[in-house]
Amino acid sequence: MSQAKKKTFKIEPFKHKVEMDPKYAEKTWKILEDAIHEIYNHNASGLSFEELYRNAYNMVLHKYGEKLYSGLVNTMTQHMREIARNVEAAQGGLFLEELDSKWCEHNKSLQMIRDILMYMDRTYVNNFNKTPVHELGLNLWRDNIVRSPKIRDRLLDTLLDLVHRERTGEVINRGLMRNITKMLVDLGQTVYQEDFERPFLDASSEFYRLESQQFIETSDCADYLRKAEKRLNEEIDRVTHYLDPKSEAKITSVVEREVIGNRMKLLVEMDNSGLVSMLIDDKYDDLGRMYNLFRRVSTGLQTIREVMTGHLRDTGRQLVLDPERLKDPVEFVQRLLDEKDKYDKIIQLSFSNDKTFQNALNSSFEFFINLNARSPEFISLFVDDKLRKGLKGVSEEDVESVLDKVMMLFRYLQEKDVFEKYYKQHLAKRLLSGRTVSDDAERSLIVKLKTECGYQFTSKLEGMFTDMKTSRDTMQGFNATLAGSESNEGPTLAVQVLTTGSWPTQSGARCIMPREIFEMCNKFKQYYLSTHTGRRLTWQTNMGTADLKATFGNGNKHELNVSTYQMCILCLFNIADHLTYREIEQATDIPAPDLKRSLQSLACVKGKNVLRKEPMSKDISEDDVFLFNDKFSSKFYKVKISTVVAQKESEPEKQETRQKVEEDRKPQIEAAIVRIMKARRLLDHNNIISEVTKQLQARFLPNPAVIKKRIESLIEREFLERDRGDRKLYRYLA
Amino acid sequence: MGSDRVRLNVGGKPFVTSRTTLANAGRGSMLAAMIDENWDLVSELVSEEIFIDRNPSYFSVLLDLLRTGELHIPSGMSEKALYREAEFYGITDRVRHARKGPLDGNRLECVASISGRATGDGTAIRASPDGGCCVAHGSMVHVYNWAMEEQIPLTLDYVNVNDVGFLNPNCVVICTCERGDRAGGMASFNVTSGKLVHKFQVCHDDQLKNFTAGALASSDVHLYASCRGRSYEYGIGTWDQATGQQINFLYETPGRPLGDACKLQWLPQSNLLLVATLFPRSDHSFVSLLDFRTKGKVWSWTDSCQRKSADEKIVMDAVAMEECSTVCVVNQFDNLGFIDMRNSSHPVRWSHRYRSARVSECEERCYSKLAVSGSQLFSSKNDSVYVFCSPDWDAARGVQTARLRKTEGGGAISDISVGGDSLFVLHNEINVFDVWETPGSSGIAEVL
C-alpha cells in the first residue's frame, strides 16, 4: 500500500512567507539545555517554569519535536555518565550510599524535566511512538549506571556480601538495602530479577547447601529441624524488610530445597533421633515441626507417611503375633487400643489432623489386625470382660468412649462374621448367667454394631434381648399359677425360653434330672404349652445354674451356686455317700466331657471341693470314686462353684468354630452370587468374584476358591449354567 | 504569600486563585506542575506573581472550569482556539468531560454535521475510542479527531476499502480488496502523520499470501479479520496489535462462511468473537461466536434450512448485546429479530415493527444498520435512527425510547457507529455525517 499524492493544479493566493529566526530552534534548545544542567546541579532556583514550559511548547508546535527529544536524550546521557563516574569513585562502604543519594536526586530532577517537557510528552512522544520522558530517564539510568560494567558487578557483590554478612550474624543497614532493591524494582521487574534476584538465589542456594551439610553432620534430627525453621523465618523476614515481595516464594523454595528437600531422607532415617524415635518417644513438638517443614516440599509428607506406616506395621505385626500376648486377650486388645490412642494423639497434636495421615493409620491397623486370625475372638472377649466387670462404677461417658474405641477396632476387622459368632456366644453367657453390668451399655453397643453393619447383622442379637424380657414375663405368670394351686414346697424354677436360631444353642445336650426338678419342669412345660400352642420346648441343661442348700458334717450350712450338671451330680449324693464315675455317668447321662469338667470343679478345686475323690489327683479318670466331703468348710455362706471353663477357646473348639463360620458363609456367598446374576444375567468369572467380594466385604473377605466352589454347586443345582460359546461366562437360569 | 492563595498574571491580566483550584487540573497538567513544590521555591523568590504568556480571555474560561467543573463558552469565542489553549495547559480531558457525558441514547443532541470534501458515497463510518471518527469513501479514508478536525486523508492506491477501525485514537486499521500486484490486504496507519505502522499479513507454509481483508474487529491486544484469497487463506486471522505479527489463523475451505464474513464484533466480557456472514455476500445468513482459546465455534445460527421463498426475511445486519445475552438482527424490511445467545437451538424471534407490504421495490433505499451501546440498541431506518432499550430474546421486542432525526436531513442513512461516547451517522445522498452526543455538565452557549 502506498500513499499517492494527488497531483492537482491549484491557484494559490499570494502569501508572505513568514521568516522565522533561523537560529530560533538553536536558541530555544540552548535555554532548555541550560535549564536541564541547572536542574542536575541542584541550581534550579533561578529557573522560571512558565518560560521553560512555553519554550518547549513552542519547539514542539514549530515541529522541532525531534530536535528537542534527541537533545534531551543527549543531555541526560551526559549527566548519567558523570553520575556513573562519581559513583564509581566512591570508596568501599560509601558506594551504596552514594548510589542511593544519586538515585534520589535523579528521581527529583527527572520529575522536573518531565514537568517542563510535559507538552512534548503528550503530543510528540505519543504521535511518534517515542519513550515517554520518565521511562526514558529510568532507561538511561539503567543502561549508564546500574548496568555499566564497572558498577554492575560491584553492586551485585556488595549486595550479596551484605546479605551473607547478615546471615552470619552481623547487623547491616537494612534501610539502605531496601532503597537499592527498590531502585532495581523501579527500573523494571526484569532489572531486579536479572541483576539481583537470580544471582541472589544462586548464592543462597550455595550457602544453604554448605550450611545444611554442616548442620546435618553436627546436629541430631530435632536440632536440625529447629535450625531449619529458624533459617526459613529469617529469610521470610529478610524479604519483608528489604526485598521485593515477589521474591518470598522463590527464596523460601531455595531454602526448602536445600535445607529440607535434599536432606529429607537422611533426617527421617537418622539413628536415635529420626522420625521413628520421635514417634516412639511422643515428641509432639519435634514431630509438629517436621510436619510443618516437610509440608513445604512436594514429597515431604509422603516421606513421613511412608516411614510412619512402615514403623506402625512392624510394631503392629510384632504385637499381634507375639505368642506371649496371645495368652491374655484383654491385655492384647488393650495394647492395640493404647497404640491407636498414641498415634491418634500424635496426628492430632503434631500433624494437624491431616486426613492422609489418618488414612495411613487406619490402613496400617487394618493390615496388622487381620494378620492374626484370632483378633475377632479377642476383641469380643475384651468386650465381654469390660461388660462383665470392667465397667463397674464407670461413668456413662467413659463407657461410651471404651465402646467407641472397640468399634474402631471392629471396623478394621475383615472377618466381621467371626466376631459376630463369638460375640453371640459371649453375650448368651452374659445374659443367661445374669452377669452383665449394664443393660444400657449392652444395648448401646448393639446400636453401634447396627449402624456399622446394618439391621441384618444385629437382628439375632436383639432377639436375645427380647427373649430375656419375655422369659421374665412368662416366669411371673408361671409363679402366679403355682401360688394359686396350693402347690407343694418344691424347688423354685427359673426358666428362660430361648428362640431357636437366635442363640448359640447346642442340640442334643441331655441329662437325667433329679425327680423333683423333673416334675417342676413338666409343670412349666404344661403351663407354657397351654399359653403358646404349636411350640416345642427342649431343655438346655448345659446352660443352666442352680442354688443348693447343703448341710455338712458339723452342721455347717452353705448355699452352693452350681451349674445344672453339677446340681444333678450333687443330688445323687443325697442318697449315697460314695459313687464311682461310672455310676454317676449312668445315673445322670451327662456327656462325658461335660461330666468330667463338672466333677473336676466339684472335687479338685481347692477350698471349693464339696466332693472328695479317690485317688486324689488333678484329673478325672473313669475309674475314680467320689465321696461326699463332710469336712467341707468355707467362711462364706454362699459358695460359688464355677465350672472349669477355658476362657479362651481350646484348639479343637477353635477349629469347630472356624468350621461353623465357614459353613455359615456358604449360603451368604450363594445368596450374593444369585443376587448378582439375577441382575446381570451374563457375567464372567472374574467379575463375579470381584462383585461378590464387594458385596460381602462389610462382613468378611470371601476366599475366591470358596466362591468358585459355590458357583459350581449352583451350577449343579441349575441356578446357573456355563455359556456354551465361552466357558468363562456364566448365565443365570430363571 | 498566603498559604493557599496564588497570584497569576496571564498575558498582562491579573488572576487570583487557590492552589486547590489549580491542583484540580491534575498532576499531569501544566498548571499543577507549576505549583509543585519542586518549582514552588522559585516563584516565591523571584516575584510574588506567576506570569503566563497566554491569552487571558481563554484562561478565564478554563479557570472557571477548574473552579466549577462546568464549561461556559461565551458567544463569539472560537471553540477550536479554546481547545488549543486547553491543550497548552494540559487540561483537554477535563474540557472533553465537561462537554460530553456518557452516551445515553435518550438524551442525544446533534452537536455537529460535517460535510466531507471528497465526492462519492461514503461506505462506512467508524468511531474512535476518544470521540473522533473516520469515514471510508471508495479508496479513501478520512480521519477526524475528537474535535472534528480533519487529519491527513489516507489514500489507498485505488483499492476498495472494505472496513476500517481504530486500534487506538492514533492508529487506524484499513481492510482492502486484493489486487493482482500484491496490493491489498490490511495495514495500520498513524492518523497524525499518515504513515504506515504495520502491514498485517497472512502466511501459510512460510509463504506470504495475497488476500482480501473483509471485516475486522479488535480486542485489547489482538486484531481479528475475515480473509479471502486464492487457496489457503480463507478464514479468520488473528494478529498482535503491537507487533503486527500473525499469531493465529482459523482456516476454512473456500465457500464456508468464516472467510466471507462481513461483520466481526469482539465481545470483551465473554472473550468471544461474533462472526456474521450475511446477504448479499452469501445467499444464506450465518452468525457464529468463536472462542479463540479453544479455536472452536461455541454458538452458531443459520437460516439456510428455513428460507424458502424470495420474499422471506433476509438478515441484513447482526450485532451482539452481551448485557442481554442476545444477538439482534435486522431484515430487509427493517424488522428487528432476536436470537438467544445462551442456546444454540433457538430460532429468531421477529418483532413486527413494519409491514413488508409498504416497502416499494423501485425506491432506492439503504438497508437498516445496527449498533450497540451497553443495553441500548441503535437501528437506522431511512433518515432516522431509532433507539431501543434493553431488548432481549424472551420478549422478542425492544422498547423504542427515542428517534433521532435532523430537521434539515441528509437523505437516507448508510451507516452508523458508536464509540467514545458519540454516535456517528453517515448519510447516503449528500456527503455529510452527523455527530450525536450526550451533553455534559456544562451548558454551551453557542455551538460553532
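Colleague: What makes residues of chain A and chain B count as being in contact?

Modeller: Contact means heavy atoms within 4.5 Å. On that basis, 26 residues of chain A are in contact with 35 residues of chain B. This is a predicted model, in which local features need pLDDT of at least 70 and side-chain atom pairs count only at pLDDT 80 or more, while totals for chains, interfaces and linings use all residues. Residues are numbered from 1 along each chain as its sequence is written, chains are lettered from A and ligands numbered from 1 in the order in which they are written, and side-chain values use heavy atoms, with hydrogens and water left out.

Colleague: What is the area buried between chain A and chain B?

Modeller: Buried area is the accessible area (1.4 Å probe) that two parts lose on being put together, summed over both. Here the value is about 2,700 Å², and carbon and sulfur atoms give 59% of that area.

Colleague: Why is the pair Asp53(B) and Arg54(A) called a salt bridge?

Modeller: The term requires a side-chain nitrogen of Lys or Arg within 4 Å of a carboxyl oxygen of Asp or Glu. The closest N and O atoms of Asp53(B) and Arg54(A) are 3.5 Å apart, so the pair qualifies. Between the two chains, the count is two salt bridges.

Colleague: Which helices of chain A supply at least two residues each to the side that touches chain B?

Modeller: They are helix 2 (49-61), helix 4 (94-116), helix 5 (118-122) and helix 6 (124-127); a helix is a DSSP run of H or I with at least four residues, and a strand is a run of E with at least two, both numbered from the N terminus. Helix 2 of chain A gives the largest share, six residues.

Colleague: Why is Val297(A) called buried?

Modeller: Buried means under 20% relative accessible area, exposed over 50%, and partly exposed in between (1.4 Å probe, protein chains only). Val297(A) has a relative accessible area of 15%, and is therefore buried. Its place is in the loop between helix 15 (284-294) and helix 16 (300-321) of chain A. Leaving aside neighbours within four places in sequence, Val297(A) is in contact with Glu256(A), Ile260(A) and Gly261(A).

Colleague: How do you know that the reach of helix 28 of chain A is close to the expected value?

Modeller: The expected span is 1.5 Å times one less than the number of residues. Helix 28 (residues 651-680) has 30 residues and an expected span of 44 Å; the reach from its first C-alpha to its last is 43 Å, close to that value.
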